[in-house]
Every structure is written in structure tokens, then in C-alpha cells.
Amino acid sequence: MINFRTMTPWRTMTFSILAIDRNTGAMGGAAATGSLCVGGWVLRGDPRSGMSASQGAAPSTFWGEDVLFRMAAGETAQTAVGAVTAGDSGRAFRQLAALDRNGNTAAFTGSANTPQTGEHPFDGGIATGNMLASDTVLEAMSACFLNTEGPLGRRLLDALSAAREAGGDRRGLLSAALLVTGADRPPLTLRVDFHEHDPIAALRDLHHRATTGAYADWTRQVPTLRAPARTLDTDRTG
């Protein structure tokens, strides 16, 4: 049994993936870690700017937010990541990935993060991680996403599972998260902040519950970026 109370941030691993669905324009990210609350720490996204994953030994939530702000102002992912990371004297302990609205990606990995660390860009996305079992973890995650069909959220969840199966969970996982956003949909923000046995499986179950049935029907009626005045269809909800 994992004694999560004795685990410190520098001893935990994090792997994440950011990607765009070229067919729908939706963007999403998924992450898993051997510590608590990975979603609140790592993932940020907005259809007006892009996606970010800020992680590492001493992750900065400001990095994840600031890079979105810069991309919303028109900067590419590469320019935004360079600007955000350059001015931080603690950058050696951090890792940042970004995906802009056009599907361009960029990443930074500080030298003080625990090996194995890495970045693996692919067409329309990027995978990053630290304290990985091997350098094949990110390749497996990226390949799974590219070779899987279906809704963006499900493809991202499959990519997390592929990373785990490639050895990413050699010390165990405690939390997992998924974030999907788009101009014609409300954000789907799902988090399993602590699960001692299998947070990815728990996240997959939560995703199924959130994308089917009455809850999913309700989410299709709330305001979106393209339909900000949308309200409920009483014939469907009443």
C-alpha cells in the first residue's frame, strides 16, 4: 500500500499530454501523478488561448496561467513558453508545456527535475513528464493518442493508460485529471484528486458518467463561447 503521507513532491512523477482535435477544434489535456490533486496543479485551458501543463519538482501554477494569457494575446506557444520561463530564477525545478489555438506546441524542462524527464511533441500535441520509468513512456503516450479514434477525452484517457503501461507508474499513481475545452462546448474538467489503487480507472469511470445520460444532456444546453446566451430547453429538461 502506498503511504502517500510520506511522499514529497520531488519523489513523485508526473506525465501529461496536451492535444488538439483537428476535426472539431477542441483542445484537451490529461495528467497523472504519484502525488495528490494533479488537475489543480498541472492543467489549464481556454478555447480563446490554448492549453498548458505546468509540473515538475516545484511546479508554478503562475506559469500555466501566464502562458495562456500570452497565447490569448496572439503569441505562439513557443514565444509564450520562452517568455514565461526566462524570468523565473527557480525554473530549473519546473516543467511547462503549451499548446496554442493553431496546434503549435512548445515545452521547457528544468535541469533540476528528477530523471527521467522529457518532452515529446507530435502533430497537434505534446507529451511531457518527469521522474519517468524510461524515455519510452512519452512515446507510448503520444503514439496511443495518434493511433486512437473517437472523442478527444477518451483518446486522452487512453494515452494516460498507455503511459502507465509503458512503465510510468513504477512508484504508483495517486491522482489523475482531464480537461477538454472548445468554442462550441462548456469545459469538461474532471479530477480524481486521490485514489490509492487506480486513479486513471476512476477518472475513466467519471468521464463516462459525465458524458452520458441526463448530465451530458444538460451540459449541451449551457452557454458556450459561440453561444453565450444559450439557456435551457424546458421541453428537454422539464
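Mentor: Let us begin with Trp63, which is buried because its relative accessible area is 3%, under the 20% that marks the limit for that class; please keep in mind throughout that the model is predicted. Trp63 forms an aromatic pair with Phe108, and the geometry of this pair is edge-to-face, with 5.8 Å from centre to centre and 75° between the planes. Since Trp63 belongs to helix α2 (residues 61-72) and Phe108 to strand β6 (residues 105-109), the pair ties together parts that are 45 residues apart in sequence.

That strand leads us to the sheet. Four strands, in the order β3-β4-β5-β6, make up an open sheet with antiparallel pairing. At its edges stand β3 (43-46) and β6, each with a single partner strand, so that one side of each is left without a neighbour in the sheet. From one strand to the next the twist averages 10°. Between β3 and strand β4 (residues 50-55) there are four bridges, in the antiparallel sense, and within this part of the sheet Arg44 stands opposite Ser52 in β4. The helix that carries Trp63, α2, packs on the sheet and touches β3, β4, β5 (95-100) and β6, its direction making about 160° with that of β4. Helix α3 (residues 77-86) also packs on the sheet, where it touches β5 and β6, and its direction makes about 25° with that of β6.

The pair of Trp63 and Phe108 is edge-to-face, and the count of aromatic pairs in the model comes to three. Another of them joins Tyr215 and Trp218, and this one is tilted, with 5.7 Å from centre to centre and 50° between the planes. Both residues lie in helix α7 (residues 213-219), three residues apart, which is about one turn of the helix. Whereas Trp63 is buried, Tyr215 counts as partly exposed because its relative accessibility is 45%, and Trp218 is likewise partly exposed, with a relative accessible area of 40%.

Moving on to a contact between helices, α5 (residues 152-168) and α6 (residues 199-210) pack with their axes 10 Å apart and at an angle of about 170°, and they are therefore roughly antiparallel to each other. On the α5 side the contact is made by Gly153, Arg154, Leu157, Asp158, Leu160, Ser161 and Arg164, and on the α6 side by Ile200, Leu203, Arg204 and His207.

Strand β9 (residues 175-182) and strand β10 (residues 185-192) run antiparallel and are joined by six bridges, and Val180 stands opposite Leu188 in β10.

Ser142 is found in helix α4 (residues 136-146), and it counts as buried because its relative accessibility is 1%. When its neighbours within four places in sequence are left aside, Ser142 is in contact with His120, Phe122 and Ala127.

Conventions
Residues are numbered from 1 along each chain as its sequence is written. This is a predicted model: local features need pLDDT of at least 70, side-chain atom pairs count only at pLDDT 80 or more; totals for chains, interfaces and linings use all residues. Side-chain values use heavy atoms; hydrogens and water are left out. Helices (H or I, at least four residues) and strands (E, at least two) are DSSP runs, numbered from the N terminus. Buried means under 20% relative accessible area, exposed over 50%, partly exposed in between (1.4 Å probe, protein chains only). Contact means heavy atoms within 4.5 Å. Axes are lines fitted to C-alpha atoms, for helices over the stretch in contact, and angles run from 0 to 180 degrees between N-to-C directions. Angles under 35 degrees count as roughly parallel, over 145 as roughly antiparallel, 65 to 115 as roughly perpendicular and the rest as oblique. Two strands pair if DSSP finds at least two bridges between them. Rings of Phe, Tyr and Trp (its six-membered ring) pair if their centres lie within 6.5 Å; planes under 30 degrees apart count as stacked, over 60 as edge-to-face and the rest as tilted.
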